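Here's a quick briefing on one helix residue and the strands around it. Have the sequence and the model open while you read.

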Amino acid sequence: MSTAEFFEIFSTFNQVGLWRLDLDSGHTFCSATYSRLYGIKHTDGPINMMEIIARIHPDDLSSVMESHEVASAHPMAYQKIHRISSDKVTYRYVCSIGRFRAKLGTSGEIVGIAFEVPPHRCDFRYETDSTADLKL
């Protein structure tokens, strides 16, 4: 199965948002679907991370931030499920999967996807220090 075919099958039932964190600048860029998922206005430039952080449940924020920090220091992949809300009352579950990607002449970047998860699937968490198992 090709990567394109996998993505097409997966995105049939999941709105998948793409994102990229440039480690040198600290700027995060995302797709329009990612912006819709988090309820922020889409821009082609860097997104306002304070808007994203404000939507993450306070009990989940440190875990989300830790994943980004670890992935920026070590070539690893991670998957985290966290809660987001635009009204601070009703929360939805979002799965964020990311990994470090080397970028010549820079400190690299973290790239990933995010998608909404039905609540009954939110007990699964997986981390690895290898990306070998991610290849099809």
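How many bridges join strand E4 to E5, and do they run parallel or antiparallel? There are 9 bridges between E4 (residues 92-101) and E5, and the two strands run antiparallel. Keep in mind that this is a predicted model.

**Strand pairing**
- Asp-22 is found opposite Glu-109 in E5.
- E4 is joined to E3 as well, by 8 bridges, with the two running antiparallel.
- Tyr-78 has Gly-98 in E4 as its bridge partner.

**How covered the strands are**
- Strand E5 spans residues 109-117 and is mostly covered, with 7 of its 9 residues buried.
- Strand E3, residues 77-84, is mostly covered too: 7 of its 8 residues are buried.

- Ala-71 belongs to helix H4, which covers residues 58-73.
- Ala-71 has a relative accessible area of 0%, so it counts as buried, the cut-off being under 20%.
- Setting aside neighbours within four places in sequence, Ala-71 contacts Met-76, Tyr-78, Phe-100 and Ile-110.
- Ile-110 is 39 residues away from Ala-71 along the chain, yet their C-alpha atoms are separated by 7.1 Å.

Key. Residues are numbered from 1 along each chain as its sequence is written. This is a predicted model: local features need pLDDT of at least 70, side-chain atom pairs count only at pLDDT 80 or more; totals for chains, interfaces and linings use all residues. Side-chain values use heavy atoms; hydrogens and water are left out. Helices (H or I, at least four residues) and strands (E, at least two) are DSSP runs, numbered from the N terminus. Buried means under 20% relative accessible area, exposed over 50%, partly exposed in between (1.4 Å probe, protein chains only). Contact means heavy atoms within 4.5 Å. Two strands pair if DSSP finds at least two bridges between them.
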